[in-house]
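Colleague: I am new to this structure and would be grateful for a guided reading. Please take the features one at a time, with the general idea before the case.

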Amino acid sequence: MTSTDIEVALIRYYDPQKNFIIPNVSWGWGIHECDLLIVNKNRFCYEVEIKVSMSDLKKDLLKPHQHKDKQNRLKYLWFAMPEEMIKSGADTFIPAGAGIFMAKLIPAKTMSGYRVEVEVYRNATQIKDCRPITDKEYGELGRLAMLRMCHMKLSIQNKKKNYGVITSK
């Protein structure tokens with residue numbers, strides 16, 4: 001199971017028709033890197049940190065920011081990881097208050113023979129003094145999401161046509 005498998009399962013879980021979902025938010029928004037940032041209809045933000053190995057999880061816990069936003073824009077912090085990690089005790093490393101999504105392999109008629117689904121293993125506790133994001137912050141996230149989408153499409157096209165490296169003018 002890859003981090004992309006879990007990311008796609010989380011996107012399905014949060015439903016992009018109901019929530020604004022942005023992958024890999026960091027630069028451009030003044031926050032630590034968030035693997036997935038979800039903005040609900042009331043403009044509250046949830047961070048989901050995706051982990052696929054114990055070493056990655058332990059490294060993450062040493063980061064100085066500790067997944068705290070100085071501007072109080074995060075309502076919930078979640079960690080998502082494969083079921084096998086939880087069974088091996090990874091959940092005991094997750095900070096108190098953070099929720100846990102358990103990712104499971106489900107047999108399916110796909111090219112890989114499976115799909116990944118997530119379920120709540122432990123609920124997150126609301127972060128005190130969180131606030132909804134402003135119109136300006138919402139617009140900035142929209143711009144960052146478009147930049148990621150454009151970069152992804154350029155990367156796909158470059159791989160198909162073997163153009164090489166993407167450069168700016």
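**Reading the model**

Modeller: Lysine 70 lies in the loop that runs between helix 2 (54–60) and strand 4 (74–82). Helices (H or I, at least four residues) and strands (E, at least two) are DSSP runs, numbered from the N terminus. This is a predicted model, in which local features need pLDDT of at least 70 and side-chain atom pairs count only at pLDDT 80 or more, while totals for chains, interfaces and linings use all residues. Residues are numbered from 1 along each chain as its sequence is written, and side-chain values use heavy atoms, with hydrogens and water left out.

Colleague: Is lysine 70 buried or exposed?

Modeller: Buried means under 20% relative accessible area, exposed over 50%, and partly exposed in between (1.4 Å probe, protein chains only). Lysine 70 counts as exposed because its relative accessibility is 82%.

Colleague: How many residues of strand 4 are buried, and which strands pair with strand 4?

Modeller: Two strands pair if DSSP finds at least two bridges between them. Strand 4 is mostly covered, with nine of its nine residues buried. It pairs in the parallel sense with strand 3 (residues 45–50) over six bridges, and tyrosine 46 stands opposite tyrosine 76 of strand 4. Strand 4 also pairs with strand 5 (residues 99–107), again in the parallel sense, over five bridges. There, alanine 80 has phenylalanine 101 in strand 5 as its bridge partner.

Colleague: How should I read the salt bridges, and how many are there?

Modeller: Side chains of opposite charge can pair when their charged atoms come close. A salt bridge is a side-chain nitrogen of Lys or Arg within 4 Å of a carboxyl oxygen of Asp or Glu. By this rule the count is eight. One of them joins lysine 51 to glutamate 49, with the closest N and O atoms 3.1 Å apart. Lysine 51 is buried because its relative accessible area is 2%, and glutamate 49 counts as buried at 2% relative accessibility. A network of salt bridges links Glu49, Lys51 and Asp56.

Colleague: Why are lysine 87 and glutamate 83 separated by about one helical turn?

Modeller: The two are four residues apart in helix 3 (residues 83–87), so about one helical turn separates them. Lysine 87 counts as exposed at 66% relative accessibility, whereas glutamate 83 counts as buried at 19%.

Colleague: Which salt bridge links distant parts of the chain?

Modeller: The side chains of glutamate 119 and lysine 104 meet in a salt bridge (3.5 Å, N to O). This pair links distant parts of the chain, with glutamate 119 in strand 6 (residues 114–122) and lysine 104 in strand 5, 15 residues apart. Glutamate 119 is partly exposed, with a relative accessible area of 34%, and lysine 104 counts as partly exposed at 24%.

Colleague: Where is methionine 152 found, and is it buried or partly exposed?

Modeller: Methionine 152 belongs to helix 4 (residues 135–161). It counts as partly exposed because its relative accessibility is 45%.
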